[in-house]
Amino acid sequence: NGLMRLGNQAPELGYIPTGTVNDFAASHRISKNMLVAARDIVSGSVVETDIGCFNGRYFSYVAAFGAFTDVSYETPQVAKNRFGKNAYILEGIKRIPLLSSYHVVAETDDDEVIEDDVIFGMISNAISVGGFKLARSYDVTMDDGFFEVVFVKKALIDFFNASVMLNALLHPNSDNVYTLRAKKVHVRCEDGLSWTLDGEDGGSCTEATIENIKRSIRIRVPS
């Protein structure tokens, strides 16, 4: 958010990733070895990366709502330290009985409209989310000005379990999952949606405009 507000005066970003899972680093091929990442800041090359804007607030790679989206910030740190990524899976399983659906209307910048009951929605710019590589990740680029958009239909809730959700994201089925690409998405839900931005609490709202700001930050990556 600080770099985006500096505009053209913003310095290049050198990024040393830490934490349990780091999809932003993986998408930019940045090593999770801190010493290697530091060397790449000094000797690597500079690329421009897209940044998302959610109702005026900037995010790096994903805005999402619905099933399991609060797991990343609700999972106790002790569990993450002990079990790593598996702590998220265990926390997600606890939420299965509490899953619900949301009636949403989503409109894109090219006039595509989706209206349906869904259990999960994700607007992302990454090759993986939660450490799991997404379907067609080979088509994802971080500087093309487009988001990859996924909505999982309510139909899946009737036989829902963690493996079904994961399979829906990794291998989308057109019968149960909407997938599209867009520069800008407007999402409405009269009952309100609780959003997650980059794995952190993004607040609740009845309307959200999510826009891709193309090539807006310069970041150092491995050569």
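# Questions on a predicted chain

Author: The chain has seven helices and 11 strands. The model is a predicted one. Of the 223 residues, 42% count as buried. Contacts between residues 24 or more positions apart make up 71% of those with a separation of 6 or more. The chain exposes about 11500 Å², and carbon and sulfur atoms supply 50% of that area.

Reader: Why is S27 called buried?

Author: The relative accessibility of S27 is 10%. Buried means under 20%, so S27 counts as buried. S27 is found in helix 2, residues 23–27.

Reader: With which residues is S27 in contact, leaving aside its neighbours within four places in sequence?

Author: S27 is in contact with A126, I127, S128 and M142. Contact here means heavy atoms within 4.5 Å.

Reader: How many aromatic pairs are there?

Author: The count comes to six. A pair of aromatic rings is described by the distance of the centres and the angle of the planes.

Reader: Why is the pair of F65 and F151 called tilted?

Author: The ring centres of F65 and F151 are 6.2 Å apart, and rings pair if their centres lie within 6.5 Å. The planes are at 45 degrees. Planes under 30 degrees apart count as stacked, over 60 as edge-to-face and the rest as tilted, so the pair of F65 and F151 is tilted.

Reader: What makes this a link between distant parts of the chain?

Author: F65 is in strand 3 (residues 62–66) and F151 is in strand 8 (residues 147–153), 86 residues apart.

Reader: Why is the pair of F65 and W195 called edge-to-face?

Author: The centres of these rings are 5.0 Å apart, and the limit for a pair is 6.5 Å. The planes of F65 and W195 are at 70 degrees. Over 60 degrees counts as edge-to-face, so that is the name for this pair. The pair also links distant parts of the chain, F65 in strand 3 and W195 in strand 10 (residues 184–197), 130 residues apart.

Reader: Are F65, F151 and W195 buried or exposed?

Author: F65 has a relative accessible area of 0%. F151 is at 1%, and W195 is at 1%. Buried means under 20%, so F65 is buried, F151 is buried and W195 is buried.

Reader: Which residues do ring pairs link into a cluster?

Author: The cluster consists of F54, F65, Y102, F151 and W195.

Reader: How do you know that the charged end of R181 sits over the ring of F146?

Author: The charged end of R181 is 4.7 Å from the centre of the F146 ring. The rule asks for a distance within 6 Å and a position within 35 degrees of the ring normal. K153 likewise lies over the face of Y178, at 4.8 Å from the ring centre.

Reader: What makes strand 8 mostly covered?

Author: Seven of the seven residues of strand 8 are buried. On one side these are F147, V149, F151 and K153, and on the other E148, V150 and V152, so both faces are covered.

Reader: How do you know that strand 8 pairs with strand 5 and with strand 9?

Author: Two strands pair if there are at least two bridges between them. Strand 5 (residues 113–124) and strand 8 pair in the antiparallel sense over six bridges. Strand 8 and strand 9 (residues 177–182) also pair in the antiparallel sense over six bridges. G121 stands opposite F151 in strand 8, and the bridge partner of V149 in strand 9 is L180.

Reader: Why is A155 called partly exposed?

Author: A155 has a relative accessible area of 39%. Buried means under 20%, exposed over 50%, and partly exposed in between, so A155 is partly exposed. A155 is found in the loop between strand 8 and helix 7 (162–170). The C-alpha atoms of A155 and V177 are separated by 9.6 Å, and the two residues are 22 residues apart along the chain.

Reader: Why is E207 called partly exposed?

Author: The relative accessible area of E207 is 42%. That value lies between the cut-offs of 20% and 50%, so E207 is partly exposed. E207 is found in strand 11, residues 200–221.

Reader: What joins the side chains of E207 and H186?

Author: A polar contact of 2.8 Å joins them; the limit is 3.5 Å. Leaving aside neighbours within four places in sequence, E207 is in contact with N55, H186, V187 and R188. E207 and R188 are 19 residues apart in sequence and 4.5 Å apart in space, C-alpha to C-alpha.

Notes. Residues numbered from 1 in each chain as written. Predicted model: local features only at pLDDT ≥ 70, side-chain atom pairs only at ≥ 80, totals over all residues. Heavy atoms only, no water. Helix = DSSP H or I, 4+ residues; strand = E, 2+ residues; numbered from the N terminus. Buried < 20%, exposed > 50% of the residue type's maximum accessible area, 1.4 Å probe, protein only. Areas by Shrake-Rupley, 256 points an atom, 1.4 Å probe, with all protein chains shown as cover. Polar contact = N/O pair within 3.5 Å; in protein donor to acceptor, adjacent residues only side chain to side chain.
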